[in-house]
Amino acid sequence: MRLKSFAIIIVFLSVAAGLAYFGAGMAATVMEENSELSIREALDDAGLDWAEVEADGLQVNLFGEAPSEAQRFTAVNVASKVVDGARVADKMSVKRTSRVLAPRFSIELLRNDSGTSLIGLIPAKTDRELIVETVANVTNGEVTDLLQTANYPVPKGWDRALRFAENALAGLPRSKISISADEVVVKAITDSIQAKRRAEADLRRSTPTGLKVVLDITAPRPVITPFTLRMVRNESGARFDACTADTEEARTEIMRTAIAVGAPATSNCVVGLGSPSTQWGDAAVLAINGLAQLGQGSVTISDADISLLAAEGTDQAVFDRVVGKLENDLPDVFSLHAVLPETPDAEEGPVDFTATLGEDGEVLLAGRIGDELSRRTTESYARARFGADVVEMTARIDEDLPMGWGLRVLAALEALDQLHDGSARVTASDIVVTGNTGIETASADIARILSSKLGDAADFSINVTYDEMLDPLANIPTPEECIASIQAINAENKITFEPGSATISADSLSSMDRIAEVLQECPQFQMEIAGYTDSQGREEMNQALSESRASSVLTELMNRRVLVSGFLSKGYGEEDPIADNGTEEGREANRRIEFRMLTNETPAEAEEGLETEADNSAEETTTEVTEDAPTDEPD
């Protein structure tokens with residue numbers, strides 16, 4: 001009986017245990033499912049749909065690839081708000097991040113009268129000191145370095161853009177040049193329209209292929225003082241000694257009128273600032289027509305003063321009619337001074353002062369001067385203008401000279417200073433300036449000087465010839481002539497290097513001096529300095545040696561204050577032999593430096609530092625520099 005009761009108890013307990021185990025399992029499953037579902041919904045609501053959830057008993061595992069470390073942390077935080085954080089197991093990975101993009105490298109070159117500033121971000125591999133040194137050489141001024149560096153690869157085209165910008169900076173003293181690898185923006189102010197056009201032409205001609213260049217060059221109108229117009233009319237026709245206009249419309253009307261009364265169609269009139277009245281053009285047209293009605297003579301407008309000088313023998317009635325109409329028609333702000341010269345007494349001898357400037361620079365002062373003080377003043381003024389050792393004073397004193405004679409003499413000397421050679425003659429009635437000049441604007445400048453110094457009643461004649469051969473700017477040699485000069489120097493004494501090195505030999509330094517002197521007189525142009533070796537030695541070593549030697553030549557030129565911003569050096573190793581490497585003579589010929597003038601047809605690769613081999617040929621002018629190294633030199 002006891003045994004049976006014990007068995008019943010055992011069975012009962014077993015059944016209870018089974019039911020409890022089953023109930024616990026069911027409860028755990030429900031808890032897992034509820035936890036998994038709740039966390040999944042919370043993650044979806046938070047926008048973390050990339051995360052996967054798997055419940056394992058009380059533990060909740062998070063799987064998936066998080067876009068970032070922050071996203072992974074957010075997923076863990078969201079799950080911990082649903083269940084106890086201790087139950088959350090982070091089994092997520094983080095997506096591999098892509099390489100950080102390189103920053104945009106750029107430089108702002110700001111140049112004005114006080115110096116040049118460099119602002120921007122450049123690659124760490126860019127030679128910062130060389131940039132500063134090159135800019136200092138180009139501008140001959142102080143350079144403020146505000147550049148920052150970043151250790152990222154140099155973008156393609158960066159060196160090409162930098163060289164172009166440095167070259168452009170040389171000719172633009174007031175400019176802002178923005179440099180990036182694929183674009184250069186040039187903003188500048190020039191002194192004149194001609195300078196603007198010349199700068200734009202030079203920059204377009206030197207723009208490397210593949211580089212985008214944006215030009216924004218302005219030329220403010222020049223301030224002209226005094227605002228001057230002078231026309232002379234004689235039996236040969238009419239001509240301008242000086243012509244200025246305040247607007248393009250006024251210029252067009254003045255030129256149309258001048259051509260109608262006999263002035264050449266090639267005459268020019270400068271548009272500038274400084275006009276005394278908005279009716280300047282109207283006054284100029286009336287004055288020119290008045291001169292034409294007189295027949296011959298001259299009319300000079302200096303600011304608001306108009307001086308009309310008729311030719312000797314002009315009919316008095318015609319003179320009175322023309323002057324009366326002009327006085328009536330001229331705008332109120334202008335005043336007219338008209339002169340009809342009397343016929344001089346033929347018995348009177350000439351009273352004059354003449355200053356003569358010879359081609360050798362010698363100045364002879366002869367004729368009449370008012371008194372001893374005027375004589376000393378005139379001589380001192382001439383010595384200050386032309387040089388203390390070249391002036392000879394032979395003028396004699398005449399106390400009966402007309403009033404204002406000394407002022408007329410000094411004005412004539414100032415006018416003579418605009419000439420290369422010639423003379424300025426002062427008489428009681430006029431001043432005559434004759435000669436040759438290398439200054440294109442000399443006639444207008446002389447007219448402005450005389451009209452401002454002498455006033456309304458002055459009569460003067462200007463017969464000045466512009467000779468391009470005397471113009472220092474016109475005599476600048478062409479790049480082709482510069483290359484030819486370098487060829488002649490190398491024919492006399494070729495450049496050589498120390499054996500096995502990139503050091504230029506002492507015997508060749510004089511040649512480098514002469515080449516530098518030639519380049520300092522040349523306009524800016526683009527040139528490649530190419531180095532070559534023979535085929536002896538390893539190819540890699542030959543390549544490095546050729547690059548070093550080409551760079552040495554460039555450095556020597558820069559040390560001699562040659563503007564090298566348009567030059568690039570490149571080594572070609574043993575490529576392109578010009579002779580047989582199997583002979584001593586051939587190897588010596590192949591060890592060389594070549595100077596090539598880069599033209600607009602040069603491939604883009606050359607302008608980018610020759611990063612790739614050019615597939616098309618470039619027009620080039622070449623001179624060779626042969627090394628006299630021994631045949632066993634390790635090229």
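Q: What makes a helix crossing right-handed or left-handed?
A: A crossing is left-handed if the near helix is turned anticlockwise from the far one by less than a right angle, and right-handed if clockwise. H13 passes H14 in a crossing of the right-handed kind. Helices (H or I, at least four residues) and strands (E, at least two) are DSSP runs, numbered from the N terminus. Before going on, a word on the source: this is a predicted model, where local features need pLDDT of at least 70 and side-chain atom pairs count only at pLDDT 80 or more, while totals for chains, interfaces and linings use all residues. Residues are numbered from 1 along each chain as its sequence is written, and side-chain values use heavy atoms, with hydrogens and water left out.

Q: How do you know at what angle H13 and H14 pack?
A: Axes are lines fitted to C-alpha atoms, for helices over the stretch in contact, and angles run from 0 to 180 degrees between N-to-C directions. For H13 (residues 509–520) and H14 (residues 539–559) this gives about 60 degrees, with the axes 9 Å apart. Contact means heavy atoms within 4.5 Å. H13 contributes Leu 509, Met 512, Ile 515, Ala 516 and Leu 519, and H14 contributes Val 553, Glu 556 and Leu 557.

Q: Why is Asp 246 called buried?
A: Buried means under 20% relative accessible area, exposed over 50%, partly exposed in between (1.4 Å probe, protein chains only). Asp 246 has a relative accessible area of 13%, so it counts as buried. Asp 246 sits in the loop between strand E14 (244–245) and helix H6 (248–260). Leaving aside neighbours within four places in sequence, its contacts include Arg 221, Phe 227 and Trp 280.

Q: What makes E1 and E4 edge strands?
A: Two strands pair if DSSP finds at least two bridges between them. The open sheet of 3 strands runs E1-E2-E4, with mixed pairing. Strand E1 (52–56) and strand E4 (88–90) each have a single partner strand, so one side of each is left without a neighbour in the sheet.

Q: How do you know that E2 and E4 pair?
A: Strand E2 (residues 59–63) and E4 share 3 bridges, in the parallel sense, and the definition asks for at least two. Leu 62 stands opposite Asp 90 in E4. Helix H2 (residues 69–82) packs on the sheet, touching E2 and E4, and its direction makes about 170 degrees with that of E4.

Q: Why is the meeting of Arg 40 and Glu 52 called a salt bridge?
A: A salt bridge is a side-chain nitrogen of Lys or Arg within 4 Å of a carboxyl oxygen of Asp or Glu. Arg 40 and Glu 52 meet at 3.6 Å, N to O, so the pair qualifies. Arg 40 belongs to helix H1 (residues 2–45) and Glu 52 to strand E1, 12 residues apart. Arg 40 is partly exposed at 26% relative accessible area, and Glu 52 is partly exposed at 40%.

Q: What makes Asp 417 and Arg 385 a link between parts of the chain?
A: Their side chains meet in a salt bridge at 2.9 Å, N to O. Asp 417 lies in the loop between helix H10 (405–416) and strand E23 (421–427), and Arg 385 in helix H9 (residues 372–386), so the pair ties together parts that are 32 residues apart in sequence.
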